Protein chains: 2
Amino acid sequence: MNKIVIPSTHPRANSLLIRERLIEHFAKGIVSDAGLFAHGRGEAFDYLLGERTTENALVAVTAAAAALLTGKHPVISANGNAAALGAEGIVKLAKVTGALIEVNLFYRSAQRERAIERLLKSAGAQKVYGVNQAASARIAEIGGERRRVDPRGILKADVVLVPLEDGDRAEALAKMGKKVITIDLNPLSRTAQFATITIVDNIVRALPALAIAAEQLSKKRQNRLKRIQSDFDNKKNLSEAIRLINNRLSKLAKNGTYISIH
Amino acid sequence: MNKIVIPSTHPRANSLLIRERLIEHFAKGIVSDAGLFAHGRGEAFDYLLGERTTENALVAVTAAAAALLTGKHPVISANGNAAALGAEGIVKLAKVTGALIEVNLFYRSAQRERAIERLLKSAGAQKVYGVNQAASARIAEIGGERRRVDPRGILKADVVLVPLEDGDRAEALAKMGKKVITIDLNPLSRTAQFATITIVDNIVRALPALAIAAEQLSKKRQNRLKRIQSDFDNKKNLSEAIRLINNRLSKLAKNGTYISIH
């Protein structure tokens, strides 16, 4: 009854197109160099997962959509990679759930923030938080520039979607009592472990899936949405993702199948 | 009796320094953008392997060093990432084994080739093959610019070390009857599968290990070196690498240990 229906037109992550987009946005200063390496790591894990939104990930997507819909102040955080790969998905999800969109970078610079803001606005965002002086609040548990958030956005959010996030920052948000939803292809990362809901999937598949799920769930009653979240167990979710990777590794090893790197 | 002794000063891949070096060389046009993503994928596999030269990899290193020492025309192929991360190791290994060094790029350009040549020469290389017009020969099994090799180098090599190589090209060289040695953190890659000897390790550890192994083995007799190679089984080697990853994944999942992404 909670089964989200994903259409066949759902994007299959086209790795060459994605790389081109990242390099293009790296040249524009939107994606950082750390973002390029992080993407490569994601590619390795995506292959190990089978490059598809698993049943397991879909359960997490459903719980995440429910969390965003029931949140009083939901916020979607956007860093360079998330904006480069998912600006349209972020904007659509924000519209369906009423979430605010906030630029939240590990490596802040006025120029990068403005560039990401422009990118999100050209994808249809009405208002983008966290840009330059607007990121005037501080999260206590983190040091330096990385602690800066918008007092109207992430600071007072009760639910926050932080795709491709750093472990320290995910931990800090969780410690503040916020529901932390993340999208991370690596089920072993600190972020994956600290989040309330970890969607172990490629962001180019997960964001559209989240938007679809939110649309379908928006018709359901609050009680149903709360039950979906309380039924969700992130530890089981992560164990299952690791089990899937292990199984696939063994299968690939037996069949002598291989990854084409280029 | 064939046990190679690796000193405690052996480099532990410092990921931040490595990334800095790659970005620096990317800016100089030595490393391609595909090279940055490939490095990220390598980081994921290196973590899964435990970021160390495994016993298993050391056996492959030993066989590889023996192959280079017994080869009549050994050649070390250098692409952007290999040069950026291992120029000194390549030069040292070439000196110890008498191997030629050849620039061999997936994405050729006169500028990149010359930049890589300069990098290798500043690391001590006397002569670098495969630069610009010198790469005048063609390997039949591959198309386009990627088939170009130096007739004095890779074309007539009987043993070739091609670290971080593309699957198609590794396959073509193997089909030509050459002994193909590769360094690849992904035991599932086509390159890993097609090579004669696959060193499943990080290039920053593997190249110094190869140089040390070659030095220690250079005192041994040819018969011993040939036996080391005939005793080596690449399929078993790759299965063992995959098994190690499987075990580590299960362990990491149980302990709730995680990767710090930043």
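My entries on the salt bridges follow.

**Setting up.** I am working with a predicted model, so noted because local features need pLDDT of at least 70 and side-chain atom pairs count only at pLDDT 80 or more, while totals for chains, interfaces and linings use all residues. Residues are numbered from 1 along each chain as its sequence is written, chains are lettered from A and ligands numbered from 1 in the order in which they are written, and side-chain values use heavy atoms, with hydrogens and water left out.

**Entry one.** I looked up the total and found 30 salt bridges over all chains. The term stands for a side-chain nitrogen of Lys or Arg within 4 Å of a carboxyl oxygen of Asp or Glu.

**Entry two.** I picked A:E43, which forms a salt bridge with A:R19; their closest N and O atoms are 2.8 Å apart. This pair links distant parts of chain A, 24 residues apart: A:E43 sits in helix α2 (residues 33-49) and A:R19 in helix α1 (residues 15-27). Helices here are DSSP runs (H or I, at least four residues), numbered from the N terminus. Both A:E43 and A:R19 are buried, meaning under 20% relative accessible area with a 1.4 Å probe, protein chains only.

Next I checked A:E113 and A:R108, a salt bridge with its closest N and O atoms 2.8 Å apart. A:E113 and A:R108 are buried.

B:R108 is buried at a relative accessible area of 13%, and B:E113 is buried at 2%. I also noted a network: salt bridges that share partners join A:D168, A:E171, A:K175 and A:R190.

Note on methods. Helices (H or I, at least four residues) and strands (E, at least two) are DSSP runs, numbered from the N terminus. Buried means under 20% relative accessible area, exposed over 50%, partly exposed in between (1.4 Å probe, protein chains only).
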